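Take a look at the structure below. Keep it in view as you read.

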Amino acid sequence: RTKVLRFLSTKYFVISSSAAKSGYFISMGSSSSQLKRSSSMSSRHKSRTSVSRKSSLNNRQMSLTSAARPAQAAASRRPPPNACWSGDALDSLPKQKVADTTQELRHVIEEFRSNWTLFNANMLEDPNSAGKLLLRFVKPSRKNLGPRLLDLPHADAKRWKHIKANLNRLRSNVTYKDIELAIHSFGNLDHFHRPKLDVLHHLLNNHWPREKVERFYRHILPGMIRLALSLPELLPEQIPLLSRGRQAGCRPLSFTQQQVACLLTHAFFCTFVFQGGQYPSINFNGIFVSGEYQRPCTRRIEKLKCILHYMDRVVTDAPLGVITISRKCLRHRVNWSERTEPMPDRLHVSSTGTIEDTDGGFLEVDFANKFLGGGALGHGLVQEEIRFMISPELIVTRLVTECLDDNEALLIEGFERFSDYSGYADSFRWISNHKDSRPVGVDRRRLSQLVAMDAVCFRSWIEQFSVYNIERELHKALVAFGDVKDNKSGAQQHGAVATGNWGCGAFKGDVRLKFLIQLMACSLARRPVAYFTFGDQPLQQRLVEMHQFLINNNVTVGGVYNALLAYVAELNAGSHRARRQEMTAQSAPDLFRFVLNYVQSTRGPSFYDPAANSNVPYPSTNGKHPERIAETDQSGERQNWQQSTETSGQQRTDPGENVSTHGAPAGQSFDHQNRQQPTEMSRQQRTDPGANVSTHGAPAEQSFGHQNRQQPTEMAGQQTDPRANVRTQGAPAGQSVRQH
């Protein structure tokens, strides 16, 4: 009965044969009388069916092999047709846990002591400190300090006296003009030629209702001034910066939420001196001024609402939590073609919802700019900028973090969300206050984790399909999700990664490629995946079908990587080379279909038969995604990648479908993933600019790819490549399996 009620809590049912024999079969839409009838029927036949149920259950358990378990588990969690999500249920994915025991607290305190911690961590052990601010500043030891320290506004006594005098003038009988003059007097807006702060002026004089304006002048602004003037007590010394490089940047930096709020009030009044170099600006002058955009800028008005709502919250009720910022660096590069880890067997794909609405426990991905925050303090208002606005504590990362290198990511833990919103970009609107319900551990850190990882901004779509760029994105995702050193045999899985179309907007990334890249990185980091397509339901279905195909065929990380290399070679083939620079996602070969055909061809015809195995989904053409198949123009000529080419003695059909040849040697299969390359290259040099492949005279040991991997050379008879499970028969001696 418990199982029946659990099935009723969902909107679909998958009933095993043993349950059906026992009378526990409930059809969709069953009434309570039908449920009682089914239950009574099971009780009447309980004695007669108990033996058959046990034997059936034993047979089921014995028949579950290691290869069949993922497929059956995925089938049992399949949602109903046309659902807004596919794959595993979001609640079934593992989550990170907060520190809630005394032993864990002691471990965290030791961690705080060895890192850059700007408060007295020993107060956490005092039971009487609950509900009190961690006000005592602890200066990091000299041996732990980084190469650079940040001078705060009070470091210069003369300048701090000037700042205090101007802030004290804003305590009473203040107008918008007084705030503007005070901000200009701090001397950090020279490059703007002391502009009029039109966004702030419009919000206070025209946009906000009268009661909100009065609350700002009587409550919010005086509280911000008190918080800003408490800087010498909260942060009396210089603070270390998270600089670039493994030596200096991998030591975490911990603040209290009160210290972060104090720094952000100074950013509001623009008292920080611009650091220059590779550090972004943290002053809010970019929000106050519309610039060359419409006046007043609607985006900036909504951003200012989020920030002032945050200020209202922190001056009304001081937060007590702790925020930790960690700069993660990948210590060793990975040879992806040699990885034998299977793809993650648990995947949730949803076309509704957002990453920030997962209620904690997941590693949330920030589609970041290498300068943290991107356009958060300017005109930008997409995924990263929205995260920084609804959780303004993230803005402090711009103050202490140098721009990210290709092998680095930034992890922020313990931040709080303060606002609800709707829309995206120009349609973004602040809605209301948000009560963050995520649990807080004994270390005062909230169960919130955000990892910022920056994608490459490509000038054209085809630019991302090179070995260098693919491996750059793989290593970036790996350092963000967890290094390989954490992937021990039999280790427990970490919390799932909540991600989406990373780098697929203005950066021109291909959503199919980025999906496979993130799956491969999650496999090495031992993390399941929760993927959000942001309203794209056809894409949701395609991603689940591709993942299910990889799981059912036991494709490893190395196998997917080799398929990507084959796809790069296909784009650089003779039939595509002439129009390579004009190629787009609509006109190029479909990546998912290519990977599917690659796995089929390299594993032999008996391994996969679409007609015999209906559980392995083949990419359908229903509900075509814009990136899936190109349209046909009025003249009837096909706009997509399917080209017919003629070679001497050979004629190829569509490389994305089954490939047939005329004139091929007997007993040899010709396909687009495993084609014979020209054999007469004794005094020629062939260079493939897309895949960085260079060969000289086809020697016995050839160099392929930017990692100069050696390929097998003697293929007489029969040989198996364990990396991609490539099986060949009768290949000529001295010829590489993957000439691409």
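The paragraphs below visit some annotated residues and then a pair of helices.

Keep in mind that this is a predicted model. Start with the residues that UniProt, in an unreviewed entry, marks as "active site": Asp366, Glu384 and Glu385. These residues are spread over 20 residues of sequence, yet they cluster in space. The largest C-alpha distance is 9.4 Å.

Take Glu384 next. Find this residue in helix α16, which covers residues 383-390. Is Glu384 buried or exposed? Its relative accessibility is 3%, so Glu384 counts as buried. The cut-off for buried is under 20%. Beyond its neighbours up to four places away in sequence, Glu384 touches Asp366, Phe367, Ala368, Asn369, Leu372, Gly373 and Gly374. The side chain of Glu384 also reaches the backbone nitrogen of Gly373, at 2.9 Å.

Glu385 sits in helix α16 too. Glu385 has 7% relative accessibility and therefore counts as buried. Its contacts, leaving aside neighbours within four places in sequence, are Gly373, Gly374, Gly375, Ala376 and Gly380.

Now turn to another annotation. The unreviewed UniProt entry places a "binding site" at Asn369, Gln383 and Tyr424. Where is Asn369? Look in the loop between β8 (363-368) and α16. Asn369 is partly exposed, because its relative accessible area is 26%. Not counting residues up to four places away in sequence, Asn369 touches Gly374, Glu384 and Asp454. A polar atom of the Asn369 side chain lies 2.9 Å from the backbone nitrogen of Phe371.

Gln383 belongs to helix α16. With a relative accessible area of 12%, Gln383 is buried. Leave aside its neighbours within four places in sequence, and Gln383 is in contact with Ile355, Val365, Asp366, Phe367 and Tyr424. Two of these names have come up already: Asp366 carries the "active site" annotation, and Tyr424 carries the "binding site" annotation. The Gln383 side chain reaches the backbone nitrogen of Phe367 at 2.9 Å.

Finally, move to a pair of helices. Two packed helices are described by the angle and the distance between their axes. Here the helices are α9 (residues 198-207) and α15 (residues 298-316). Their axes come within 10 Å and cross at roughly 80 degrees. That makes α9 roughly perpendicular to α15. Which residues make the contact? From α9 come Val199, Leu200, His202, Leu203 and His207. From α15 come Arg300, Ile301, Glu302, Leu304, Lys305 and Leu308. By class, the contact has six nonpolar, two polar and three charged residues.

Conventions:
Residues numbered from 1 in each chain as written. Predicted model: local features only at pLDDT ≥ 70, side-chain atom pairs only at ≥ 80, totals over all residues. Heavy atoms only, no water. Axes fitted to C-alpha atoms, helices over the stretch in contact; angles between N-to-C directions. Helix = DSSP H or I, 4+ residues; strand = E, 2+ residues; numbered from the N terminus. Parallel < 35°, antiparallel > 145°, perpendicular 65-115°, else oblique. Contact = heavy atoms within 4.5 Å. Nonpolar A, V, L, I, M, F, W, Y, C, P; charged D, E, K, R; others polar. UniProt positions renumbered as here; feature names shortened; annotations may be inferred. Buried < 20%, exposed > 50% of the residue type's maximum accessible area, 1.4 Å probe, protein only. Polar contact = N/O pair within 3.5 Å; in protein donor to acceptor, adjacent residues only side chain to side chain.
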